[in-house]
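Below is a short briefing on one structure. Please read it with the sequence and the coordinates open.

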Amino acid sequence: MASSVLVSLIVLLSFYGFQVDGKVDRYAFSIVENGTSVNEQVEVDVEKQTEVIRVPQHNDAEAVEVLNDFEAGLSARRLPATKDCYVSKLDSSVSFASKNEA
């Protein structure tokens, strides 16, 4: 089951990047990192138990998009500049809190 989810995730990411459908809560954060203002975007889909985090290129860091799928227990990182994609098991210290739990 996990391998079929992984293959589906990789195929979707290859063709569409990190796109989330359905009811999605969107958040924008402005942080300062080493003197540079960085605008990060987060999309949370409670129904699908996923989150997408987009961090633009800044300072010496490349832009990165992170998809955490809490149901499948997988995390995918995509580097838009090089179109590289890395999939791994979701770090157990990262958890998904629904609105009812918050």
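Arg26 is exposed, with a relative accessible area of 57%. Exposed stands for over 50% relative accessible area, buried for under 20%, and partly exposed for the range in between (1.4 Å probe, protein chains only). This is a predicted model, in which local features need pLDDT of at least 70 and side-chain atom pairs count only at pLDDT 80 or more, while totals for chains, interfaces and linings use all residues. Residues are numbered from 1 along each chain as its sequence is written, and side-chain values use heavy atoms, with hydrogens and water left out.

**Salt bridges**

- A salt bridge here is a side-chain nitrogen of Lys or Arg within 4 Å of a carboxyl oxygen of Asp or Glu.
- By this rule the count is five.
- Arg26 forms a salt bridge with Glu43, and their closest N and O atoms are 3.5 Å apart.
- Arg26 belongs to strand β1 and Glu43 to strand β2 (residues 36-45), so this pair ties together parts that are 17 residues apart in sequence.
- Strands, like helices, are DSSP runs numbered from the N terminus: strands are E runs of at least two residues, helices H or I runs of at least four.
- Glu43 counts as buried, at 12% relative accessibility.
- Glu43 also meets Arg54 in a salt bridge, at 3.2 Å from N to O.
- Through shared partners, salt bridges join Arg26, Glu43, Arg54, Glu65 and Arg78 into one network.
- Lys23 forms a salt bridge with Asp25, with 3.2 Å between the closest N and O atoms.
- In that pair Lys23 is exposed, at 63% relative accessible area, whereas Asp25 counts as buried, at 13%.

**The sheet**

- Six strands make an open sheet in the order β1-β2-β3-β4-β5-β6, with antiparallel pairing.
- β1 and β6 stand at the edges with a single partner strand each, so one side of each has no neighbour in the sheet.
- From one strand to the next, the twist averages 15 degrees.
- For such angles, axes are lines fitted to C-alpha atoms (for helices, over the stretch in contact), and values run from 0 to 180 degrees between N-to-C directions.
- Two strands count as paired if DSSP finds at least two bridges between them.
- β1 and β2 pair in the antiparallel sense over nine bridges.
- Val32 stands opposite Ser37 in β2.

- Tyr27, Phe29 and Ile31 make a nonpolar surface patch of about 280 Å².
- Patches are built from residues with over 30% relative accessible area and no salt bridge; like charges are joined within 9 Å, and nonpolar side chains (Val, Leu, Ile, Met, Phe, Trp, Tyr) within 5 Å.
- Accessible areas come from the Shrake-Rupley method with a 1.4 Å probe, and for residues only the protein chains shown count as cover.
- Phe29 is found in strand β1 (residues 25-33).
- Phe29 counts as partly exposed, at 43% relative accessibility.

**Positive phi**

- Most residues other than glycine have a negative phi.
- Asn34 is not a glycine, yet has a positive phi of about 50 degrees.
- Asn34 lies in the loop between β1 and β2 and is exposed, at 70% relative accessible area.
- Lys83 also has a positive phi, near 60 degrees, in a residue other than glycine.
- Lys83 sits in the loop between β5 (74-79) and β6 (84-89) and counts as exposed, at 67% relative accessibility.

**Around β5**

- Ser75 lies in strand β5 and is buried, with a relative accessible area of 11%.
- The side chain of Ser75 makes a polar contact with the side chain of Asn68, at 2.8 Å.
- A polar contact is a pair of N or O atoms within 3.5 Å; within protein, one must be able to donate a hydrogen and the other to accept it, and residues adjacent in sequence count only if both atoms are side-chain atoms.
- Pro80 lies in the loop between β5 and β6 and is partly exposed, at 28% relative accessible area.
- Pro80 and Glu65 are 15 residues apart along the chain, and their C-alpha atoms are separated by 7.6 Å.
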